[in-house]
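Please look over the structure below before reading on. The briefing is meant for a reader who has not seen it before.

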Amino acid sequence: MNNLTPLINTALSKELHALIYHLGYCSQQGSFKTYAVGGFVRDLLLGRENRDLDLVVEGSAVDFAKSLLKILPGRLRCYERFGTATLVLSKGIVFDMVTARKEFYAAPGALPSVEQSTLKNDLFRRDFTINTMACALNTETFGRLYDFFGGRKDLEKGIIRVLYKLSFVDDPLRIIRAIRFEQRFDFVIEEDSLAMLTRAINNRLWEKVSKERLYNEVRLIFREPEPSKVLTRLDELNLFHEIFPRLVFNQQIKSRLQRLERVLTEISLNKLPKNWNYLVLYLSALFYELTEHDFKFLCHLMRLKREERLNMLSIREKIPFILLQLKTSDLSSSRLYHFLEGLPEEGLLLIMALAPEPHVQKHVLFYWDYLVKKTPSITGKDLLEAGIKPGPVFNRILKKLHEAVLDEKISGKEEELGFLHFLINNEIYAEE
Ligand code: ATP
């Protein structure tokens, strides 16, 4: 099959399918030549959808992107100097556009110099053969597969292969990428490529890359479905300790990460809280036993954002105590709420991975599914109407009411009002 139209028509969601055809139409109208390349084509051939679409544009990617923006609502960022543009659409669909170009690397790890050239040249600078395929999008050639470097065969055989001998020297980050793809797809790194990869590791080539680029690549490991496999392989290839100095990848860490992966697949996705962050979650598990000093050092190396760092610190400080409390099976709802309230959401997932006891899992799920939504219907307005003056007493009364609602001692506004008057009459709220 040298035309991917049937796959495009069957393997993609409705909206991405419509967008792809739309891209083709716009290319044709604007006299651009546009190709979907890299991960999108690879995943399409594997029957998967990749919503991060890399496009190579013969002509100017920036002009093409600007023409798209007239029709598709989204956020556009253009980098005129590099001839690239990114259009972020709704529902996690992103178009990354580059102008077809030829590159050479002045020194290992340096930024590429850019000059206009053809599709084949653009594909040649990519990391592995499986990522070098392109699919034409222009209406008249729509769906045509371009496979200059044997990517399809390697994909079918499950092989990660670099395109040329000095690939890892030109960009040592490909070492980590090779391992990531190998583990994600259960592929193998082809023999010669593996020899080049181990040589690159032995020659410490990753040191030539800026720490920022290196750790940006490392962060991607934690977006994989099974980061534990990637980290295990990094360790086998003697790279783990170089990336995470002061941390030993032992069986305990590995099992903890595996339990976390299991928790994430076992909890149905709609149950998961919305705002959690993969990096905070996995790094909290990975750095769990480090001393505070080493923990902070590695957080700094990973270039965590302030909020990520603060959440990790909070998880680290709170979890040991919470774990102890949650092991008690007869915990009242309000006590449970009290312990878990304020813990970052990643912390809740981590608890489930750290404590295998079924009742701890139950506690967390009960908190998540039920307790967080259970709030009193009485508000500050009701308290004012009941004659309570604003001040610390307000919070104390609301807290007592909340506890009574959580423990199901009262239910409904009427009972809450009754309880409020009981508190006021007996001045119970005055106690701490
Ligand atoms: P993923 O499924 O992880 O998003 P992807 O293949 O789409 O995988 P990206 O990191 O989004 O990966 O990169 C897009 C494309 O850019 C890749 O398919 C690859 O062709 C190319 N690429 C990315 N990083 C490099 C690199 N360091 N060296 C060469 N090519 C690269």
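What follows covers the domains and a selection of salt bridges.

This is a predicted model. The chain is divided into two parts, domain 1 (5-157) and domain 2 (380-425). Salt bridges number 30 in the structure.

**Domains**
- Between the C-alpha centres of domain 1 and domain 2 the distance is 59 Å.

**Arg177 and Glu217**
- Arg177 pairs with Glu217 in a salt bridge, with 3.6 Å between the closest N and O atoms.
- Arg177 sits in helix α8 (residues 173-185) and Glu217 in helix α10 (residues 211-221), so the bridge ties together parts 40 residues apart in sequence.
- Arg177 is partly exposed at 23% relative accessibility, whereas Glu217 is buried at 8%.

**Arg204 and Glu242**
- A salt bridge joins the side chains of Arg204 and Glu242, at 2.9 Å from N to O.
- Because Arg204 lies in the loop between α9 (191-202) and α10, and Glu242 in helix α12 (residues 240-243), the pair links parts that are 38 residues apart in sequence.
- Arg204 is partly exposed, at 32% relative accessible area, and Glu242 is partly exposed, at 29%.

**Arg246 and Asp294**
- The side chains of Arg246 and Asp294 form a salt bridge of 3.1 Å, N to O.
- Arg246 is in the loop between α12 and α13 (251-266) and Asp294 is in helix α15 (residues 292-301), so this pair ties together parts 48 residues apart in sequence.
- Arg246 counts as partly exposed at 37% relative accessibility, while Asp294 is buried with a relative accessible area of 17%.

- Asp127, Arg177, Arg180, Arg184, Glu217 and Glu224 belong to one network, joined by salt bridges that share partners.

Note on methods:
Residues numbered from 1 in each chain as written. Predicted model: local features only at pLDDT ≥ 70, side-chain atom pairs only at ≥ 80, totals over all residues. Heavy atoms only, no water. Domains from an automatic or database assignment. Salt bridge = Lys/Arg side-chain N within 4 Å of Asp/Glu carboxyl O. Helix = DSSP H or I, 4+ residues; strand = E, 2+ residues; numbered from the N terminus. Buried < 20%, exposed > 50% of the residue type's maximum accessible area, 1.4 Å probe, protein only.
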